[in-house]
Amino acid sequence: MKHPLPAQPRHIAVLRLSALGDLCNLVPTIRALQRQWPDVRITWIIGKAEHSLLAGLSGVEFVVYDKASGLAGMRRLWRQLGDTRFDVLLHMQQALRASVLSLGLKADVRVGFDKARAKDAQHWFTHRQLAPHPQAHVLESFMDFARLLGVEDQGLAWDLPVPAEAEEEARRLTGDHPYLLMSPCANPRLRNFRNWSAEGYAAVIEHAWAQFGLKTALTGGGSTQEREVGERIRALSRAEAVIDVIGESSLKGLLALIGRARVVIAPDSGPVHMANAMGTPVIGLYATTNPDRAAPYLWREHVVDRYPEAVRTYLHKEPDEITWGQRVRHPDAMSLVRVDDVVQRLDALLTGPNESKETETPDEA
C-alpha cells in the first residue's frame, strides 16, 4: 500500500545539500510549492557553502549540514530537528550520505526519485517515488516533486536575494565599465574535464573588447588551479580588457557580478545556472556533459553543444546508444568547442533582442 501524500501540507522538508548549479535549478520548485500553498512552512536542509548562496531566500527556513562534519554533524542536525515532524520529506539528493542523513528526520511520507533516476539506491530510503521521466533536464526532475504533490502552477521563478552589500562588492570589484563575465573553471572533480582552453577564452576576450568595448571579468574560487588558469588567460589578453577577480568575491557577490554582466560565458558549472536564475544571458560550453540534461534552462538555444561529437569521437558510439546524462571523460573533449562557436553566440546575444544594455566601443571607453 502506498503512503498517502498530503493534500494540504503544512510543513515540507526539502533535502538537497549540493551542488550550486543544482540548487539554482531547484528554486523554481520551491516557488511553485509556495504559490500552491502560500502558508506552507518549508525547511530546506542544505550544505554549508551552498547556504551562503541562497541565504535569505524568502519563505524558506534553512538547516545547514556541513558535509565535512560527517556522522557527528548528522547527529547534531537530528537533535536540532528532534521535535519536528514533517508532513512530507522531499529527498532530492541522489547520494548515500544524504540518504543516511534522511534516516534521522521524522516525516509522514518520504518522496524520492524513481528507480531509474535514484542513484546509490535512494529508492530504498523513500516511501513514494516519482513517476518515470526519461531524459529529463535537471530542473524538470526537481519540478517532478511538485507535480507529484499536485502543484498546478509550474511556472518558473527564482527571485534570488542579493543584499546591498553584495551589490557594493560587485561595483567595487568591476567599476562602472560594461563587462561580460567569464568563469573558466568547473569544479575540479576527478576526471571531470569540463574546462575549455586559456587560448580560447583569450580569443573571446579580444573579440568582446574589439567589437563591443566590453571588458571581461574573470571569476572563480581561490584554488591554485583557478588562479593559474586566470594567469594564463591574462597573459594571452590585453591588460585593459581583463578584470581579474578570481578568488575575490563571495558567493552573494558573484550573484551580483552575474546580475550586472552583459553576458556570462562558462563551462558546465554553477555560474551558468546562477546566470539563468538571475536572468542574465549565458553561453554554456558543453562537450563532456549532455546539455539536454544540464544546460542553463532558459538559454539552451545559446549553448555551444559539442556533446554529440564528443560521444562519437571519444566513446565511439551514437548519443542514443549511451545512458542519459553519461559524461565523456576524456581530457581532449572540450577542444571540440571552437572559438567561432562562442563568438557567433556572443554576437547574437549582444546585437539581438536579448541585449537591452548599451555598450561602448574601445575608442569611446
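Visitor: Which strands does helix α3 (residues 70-80) lie across, and at what angle does α3 run to β3?

Guide: We're looking at a predicted model, by the way. Helix α3 lies across two strands, β2 and β3. Its direction relative to β3 is about 145 degrees.

Visitor: In what order do the strands of the sheet with β3 come, and which strands stand at its edges?

Guide: That open sheet has six strands with parallel pairing, in the order β3-β2-β1-β5-β7-β8. An edge strand has a single partner, so one of its sides is left without a neighbour in the sheet.

Visitor: How many bridges join β1 to β5, and which residue in β5 is the bridge partner of Leu 15?

Guide: Strand β1 (residues 11-15) runs parallel to β5, and four bridges join them. Along this pairing, Ile 12 stands opposite Val 88. For Leu 15, the bridge partner in β5 is His 91.

Visitor: Are the residues on the two faces of β5 buried or exposed?

Guide: In a regular strand, side chains alternate between the two faces of the sheet. In β5 (residues 88-91), Val 88 and Leu 90 are on one side, while Leu 89 and His 91 are on the other. Both faces are covered, and those four residues are all buried.

Visitor: Which helix lies across β1, β2, β3 and β5, and at what angle does it run to β2?

Guide: Four strands of this sheet, β1, β2 (41-47), β3 and β5, have helix α1 lying across them. Compared with β2, α1 runs at about 170 degrees.

Visitor: How many of the 11 residues of α5 are buried, and what covers them?

Guide: The cover includes α1 (20-36), β5, β7 and α11 (291-294). Among the buried residues are Leu 139, Phe 142, Met 143 and Phe 145, along with Glu 140 and Asp 144. That makes α5 mostly covered, with a buried count of nine.

Visitor: What comes after α5 with a positive phi?

Guide: Follow the chain past α5 and check the phi angle there. It is positive, near 95 degrees, and the residue is Gly 150.

Visitor: How do the rings of Phe 113 and Phe 145 sit, stacked or edge-to-face?

Guide: The structure holds three aromatic pairs. In one of them, Phe 113 and Phe 145 have their centres 5.1 Å apart and their planes at 90 degrees.

Visitor: What is the angle between the planes of Trp 196 and Tyr 201?

Guide: This pair is edge-to-face as well, with 5.2 Å from centre to centre. Trp 196 is buried at a relative accessible area of 8%, and Tyr 201 is buried at 0%. The angle between their planes is 80 degrees.

Visitor: What is the angle between α7 and α13, and is their crossing left-handed or right-handed?

Guide: Helix α7 (residues 198-212) packs against α13 (residues 339-351) with the axes 10 Å apart, at an angle of about 30 degrees. Residues that meet include Ala 203, Val 204 and Phe 212 from α7, and Val 342, Leu 346 and Leu 350 from α13. By class, the contact has nine nonpolar, three polar and one charged residues. As for its hand, the crossing is right-handed.

Visitor: Is Ser 269 buried or exposed, and what does Ser 269 touch?

Guide: Ser 269 is in the loop between β12 and α10 (270-278). Its relative accessible area is 9%, and buried means under 20%, so Ser 269 is buried. Leaving out residues up to four places away in sequence, Ser 269 touches Ala 186 and Arg 194.

Conventions. Residues are numbered from 1 along each chain as its sequence is written. This is a predicted model: local features need pLDDT of at least 70, side-chain atom pairs count only at pLDDT 80 or more; totals for chains, interfaces and linings use all residues. Side-chain values use heavy atoms; hydrogens and water are left out. Buried means under 20% relative accessible area, exposed over 50%, partly exposed in between (1.4 Å probe, protein chains only). Two strands pair if DSSP finds at least two bridges between them. Axes are lines fitted to C-alpha atoms, for helices over the stretch in contact, and angles run from 0 to 180 degrees between N-to-C directions. A crossing is left-handed if the near helix is turned anticlockwise from the far one by less than a right angle, and right-handed if clockwise. Contact means heavy atoms within 4.5 Å. Ala, Val, Leu, Ile, Met, Phe, Trp, Tyr, Cys and Pro count as nonpolar, Asp, Glu, Lys and Arg as charged, and the others, Gly among them, as polar. Rings of Phe, Tyr and Trp (its six-membered ring) pair if their centres lie within 6.5 Å; planes under 30 degrees apart count as stacked, over 60 as edge-to-face and the rest as tilted.
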